[in-house]
Each structure stands twice: as C-alpha cells, then as structure tokens.
Number of protein chains: 2
Amino acid sequence: MWILQPDDLDSIAIGAGILGTGGGGNPYLGKLKARRLLREGHRVEVVGVEELADDALVVTVGGVGAPTIGIERIDSGRETLDAVRVLEEHLGKRFDALIPAEIGGGNSIEPIVAAAHARIPVVDGDGMGRAFPEIPMLTYFIYGVSCYPCGLADLRGNRAVFTDGSDPDFLERLIRSAVVQMGGHAGVAVAVMSGADVKRTAVRDTLSLAMRLGGDVRAARTLKQDPIEVVRSTLQGRLLFTGKLVDVDRETKDGWVSGLVRIAGLDRDSGRSMEIAFRNENLIAWQDGEIVATVPDLICILDLESGEPVTTEILRYGYRVAVLGVGCSPLLRTPEALAVVGPKAFGYDVPFRPLEQDLE
Amino acid sequence: MWILQPDDLDSIAIGAGILGTGGGGNPYLGKLKARRLLREGHRVEVVGVEELADDALVVTVGGVGAPTIGIERIDSGRETLDAVRVLEEHLGKRFDALIPAEIGGGNSIEPIVAAAHARIPVVDGDGMGRAFPEIPMLTYFIYGVSCYPCGLADLRGNRAVFTDGSDPDFLERLIRSAVVQMGGHAGVAVAVMSGADVKRTAVRDTLSLAMRLGGDVRAARTLKQDPIEVVRSTLQGRLLFTGKLVDVDRETKDGWVSGLVRIAGLDRDSGRSMEIAFRNENLIAWQDGEIVATVPDLICILDLESGEPVTTEILRYGYRVAVLGVGCSPLLRTPEALAVVGPKAFGYDVPFRPLEQDLE
C-alpha cells in the first residue's frame, strides 16, 4: 500500500501513455483533475491485488467515448463517481476499492479521480496490462466475471444501470450508442468483482509499473540517458526499429482511428522499413514485409529524442521514432484471451506471434 | 371493474386504431398475444381510475420502436413484462396495476399482455387519450410525474434501468438509440406513479371508450348502419370531410413517417379539397386552405365503407375516406400541455384551434 503523491501522477501519465500502445486517450486532463484533488487534501491509497480481502467489493471505472471529445469538452470529473454511485444504489452496497479497466492512457487515471471523491483505495492492477478499445477485451470478462450490472453516468446527471443482458459485446453497443447521445463522453462502472475475482483475473502491479516507467523516463531527461533504452529496460522489451515516419494512412470511422503507418529506417535500421497497422492501438508490426510483433503484445511508438509516446491520433510525417515490442501479460496469451484480443479478433488472419520467438 | 374477454380485444383493437389518428402502430399482433393468454386461462381485470387506492403503485408499459419492425420481427411478448420486472427489482416493490401510455394503436393492448403475465389489473385510462410519437408527450410527465426510473428490456434478455436524468426529452433520445441497437423494438416501463398521481394526470375511461367504439363499429357492420356516423356519434366528433385520396407525400426519416395527404371532395364535399399533415399521427387539417383542425385534437381518417382506420403508413391513392375531428381531452388543452403537444411542438407556427370554434 502506498499513498499517491501529486508527483506520482506525472509519472503515471507518462507511463500509461507508453503502455497505451498508441491508444487509450490522453491522460493529461485526468492527471490535472487528480492532482487538484490531491492538493485539496484528498488522500488516495493504492493497494496491491494481494492485499485485497477475498470478499472485498471492487469495480472498474473509467471514461468511455472518443478521446478527442474528452479533450474538447472538459468533463466535470464527477461522471465516473456518478457511475460508481448509481451501481452502489442498485446493489445496495458500497464498493471497497476501484480498479482501472486499462493501464493505457486516460483510464489509468480516471479511477484515481473517482477514488479520491469516494474516499476508497485504488487497486494496483488493471484488466488489460495495456489499452484496448472495447469493453469485452477486459481480462475480467475473458475469465468469466459478469459485465452486469453496469453503471453509466454523464455530466448532466443522466444515470442508468444495465442490469442483465446477453453478452459484453452487446453491452458495448448499448453503451456506445448511449454515449453518442450523451455528447460523446460518459463515465462507466462495470465488472463488479470480489477480491477473489480480482486476484484471479487482474493483470497485477500495472499502476506501479506505469509510475516506475514514467519516473524512469523523467529521470533519463535529467540524467541525459537514452530514454528509449530506459523504457526498453524497464519494460524488458525489444527495440524493434528506429526510423522516420514517412506515411500515415488514417481513417476515423465508427468511432475508431484506423490505419497504417510507414517508417523508413535510420541508423542501425537504415535501408529497412517498418509498417504498423493500428485501430486506436497499434496492432501488427511488419519489418520488410515480415511480421515481427502482433497484438496483444505491446507495440509502442516513442519519440526518439524524448521517449514520449506517439499516439495514433498525432502520428504524422517526419516524426523520428523508436518502435518497442513488449511482451503482454500471460493472461492475454491463453487461447480464450487470444480469441478476444488476438490478431484475428481485429480482422488480421495471422496467428499471434509471441515476441520471444524472434529471440531464437 | 370488469374482466376482459377475448371478444373485447377485437373491439379494443378497432377502437384504438381509430383513436390512434393514423399512428400508434398496429394493434393486431398485440391482440393475438393477449387473446392467446386469455384463452390459456389468464384473467385480466380492468379497473377504473377512481377505483385505485391513492397509495397504489402503478406504471405505464408499452413497446417502443418502429411499428413496421414490430410486425416483421414478432416479439416474444415478454419484453414489456421484463421492463416491468426490472423496474420492480430496482424499486424493491411490486406494481399493483399497469396503465397504457396511449390508447391509440398497439400500446393500448401491450399493457394487457404484460398484466396477464404479471397477474395484476390494467387501469381504464391512459396518458394521451389518443396516440403521440414521443415519451415526453404523456400527460403523466406534462403534469409533473418523474420519468425516472425507467425500465427497458428486449427479447434477448438485455435489461436496463435509467435511474436519473435531466428530462423526458433526453430519456427519449437514450431509449431510441438503445432500441436501435436492440433491433428496433423493446419494452419500456416508465412513469412510476401512485394511485393519486394517476387520478391527477391520466385521461380516464379510454380503454372502455376504445372497446365501446370498436364494438359500435362491429355492430354497424352487422346492422348495415353507416359506420362513419356510428364513430362520429360515439366520439361526439364532427365529420370534417368526405373524399378520395388523390396524393400522398410521405417520407420515412429519423424513425418518423412524415408527410402530407391530399383528399378531393366527394358527395357533400364535391369540388372542395382537404390536406392533412402528419408525422406518425395526423397533425393539421386544412379545408380549401383554411385550418379546420389542429393537434392535439384528433383527426381520424376512416375508410368510408368499413369505418376502419386508415393509418399513415397505408395511405395511398384512391382510398375513399371520411375525416373526423374529435375534441381531445381537456388535459391536453392547457397551456402547459399545448407547449408539448400543440401545433408549435410539431413545427407548425399556428395556434391550437379547438374544434368547437367551428360550431359558431
């Protein structure tokens, strides 16, 4: 257990940006909201998964909607708390802790904001160990936690509980359509779990990993270290490629940012090329036409100078980048997980190719 | 109080079709579902508004969605009951009675189906005294009943409760978008009321009116009476026009069927013409360019021979019709009601013109 400090939030925001593998939305506004709450005297404890009582009541909370709208229309910071509260009223019980849905991007911070308001701890873990674009892709649901009941709230005080239903895919559709009506952004509380459920299904220690990662990047600037090597080392990843962005095919459609980015090699990769397909998050990386990394492994595009993440919405010609491959959590590599988050789930008819295979 | 008989349903279906003023959807399938339930031994009591205890718990229930889909995709007959049940679970209480949202079209029958399943009575009244296309147009909401909580259910077992929110217009939008995801049809339970609320806000005795009206039309066939005169007399309405449909401009857009129908006069109206604007329901009638009837008064287009209602979706060239004007409930004629259901609410910049004004 530790008490979150305002400075921790700066590190988490950087780390979560990197772990977001291009997606997950911008953690900047969430960071500002959380920092203000801490400065106002709110106290947020981060507890380890193993510290949870088996019968603790835990739920995931986050923002749903287009990241661009999250930036343009500042939310009240209360939607996520409202989503938690409407679930509590429905269940007739209070939650003991909140846990992030994903450690990538803005939703790594949102539970901290809600937890500060609700005066309960945040769990050091999440349901992806990275970012993914859809609710059914949470490890909680992959491993059998029900997605009902689910709470939804917007900044105008509209609140709803989805009490029962056919499956997480359909819940996703209902929530997306409601969020469009709600102006593009809403708070969602979903995956009502016991502490035992969390221990069985969560990717552990990812909030502290994001904090350590961001702290290392910040320290590298001060110490004039190579930030790419620092990130690679902290994440125990592989440097897949170094180069210059030469082309971006990007399409915003049905709420997704999809496309293909082409990178021409520099330095050690001079004369080679890399292509990366993305849909919100980076999905597949080809080097000279050969697949070198596949979702759910993490494909992180970083600014070569600063080590800062280059998210899919800001990809543009001329960026000098490093591409890191990072092995995902073993929880995402089982057959049942790959059916939901593997390449085929994103429409690519290729097998999942664990990064380690390249190390032969 | 009376016990509904299978034969009553045939009369209610005809009467509700006429009171639907062109909209409200087809009551035929609802009638079949209700009749089967009655034949299987279910017993449905109809109780008068005045018979309700002041502290009785009452709710409106009906189908929401495009009427055409309701015909093409037969519903399970359980969505409306499921919508009631999800609200009961949320409230932790059982309802004592159900009341129709509207007496026009299919939603006059749906509460009977749900009441048969739930083994509770149906109230002889509704929230419109006719049909209207939107949830905020219910007298219950016009006179201050909250539209929260609202239960929603589809045939695949998806269920939700909208617990709080800004206003009925926004609830309408949320429900419409959810219903689109649900395949175009769902059951909704809304307007949780006490018996005292019902006494204050409901249009009374409309289920029995629909039954009497339909019974009179059926009797007229047997007795070779003029069905138009029978309907006019039962509803104490005015025969506005008799003629032949010569043109229909109709557009299906955003879930509405909107347009204008032109009728060339026959017999006593020979040489004259009538135009009627509609959006699901008939809204404004002009005779030779002069407004003779306006929403919320009822403008009913009836087949000249049979007295059967001609709904907006089946309007076509050649129909010989009578147009009846019927004064609406006084509950729809107050300033607060006209703000929601008057001509301006439908985009026509004309004042409401009570039918009686023509009688000078």
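Here are some notes on this predicted model, point by point.

1. Some housekeeping before we start. Residues count from 1 along each chain as its sequence is written, while chains are lettered from A and ligands numbered from 1 in the order in which they are written. Since the model is predicted, local features need pLDDT of at least 70 and side-chain atom pairs count only at pLDDT 80 or more, though totals for chains, interfaces and linings use all residues; side-chain values use heavy atoms, leaving out hydrogens and water.

2. Let's take the overall build of chain A. It has 11 helices and 16 strands (DSSP runs numbered from the N terminus: H or I of at least four residues for helices, E of at least two for strands). Its C-alpha atoms fill a box of roughly 65 × 45 × 40 Å along the principal axes.

3. How much of chain A is buried? Buried residues make up 61% of its 360 residues (buried is under 20% relative accessible area, exposed over 50%, partly exposed in between, with a 1.4 Å probe and protein chains only).

4. Now the two copies. The same surface serves both copies, as 100% of chain B's contact residues recur in chain A (contact means heavy atoms within 4.5 Å).

5. Which residues touch the most other members of the largest nonpolar core? They are A:Ile175 and B:Ile175, in a core of 206 residues (a set of buried Ala, Val, Leu, Ile, Met, Phe, Trp, Tyr and Cys joined through side-chain atoms within 4.5 Å). Leaving out residues up to four places away in sequence, B:Ile175 touches B:Val64, B:Ile135, B:Cys150, B:Leu152, B:Phe162 and B:Val188.

6. B:Asn107 sits in the loop between β4 (97-99) and α5 (110-118) of chain B, and counts as buried at 11% relative accessibility. A polar atom of its side chain lies 2.8 Å from the backbone nitrogen of B:Gly63. As for α5(B), 9 of its 9 residues are buried, and what covers them includes α1 (6-19), α2 (28-39) and β3 (57-65) of chain B. After α5(B) comes B:Arg119, with a positive phi near 60°.

7. Finally, some backbone spots to check. The peptide bond from A:Val295 to A:Pro296 is cis, with omega near 15°, and A:Pro296 is in the loop between β14 (290-294) and β15 (298-303) of chain A. Another cis bond runs from B:Tyr148 to B:Pro149, with omega near -5°. A:Asp267 has a positive phi near 50° and counts as exposed at 63% relative accessibility. B:Asp288 also has phi near 50°, but is partly exposed, at 44%.

Key: A polar contact is a pair of N or O atoms within 3.5 Å; within protein, one must be able to donate a hydrogen and the other to accept it, and residues adjacent in sequence count only if both atoms are side-chain atoms.
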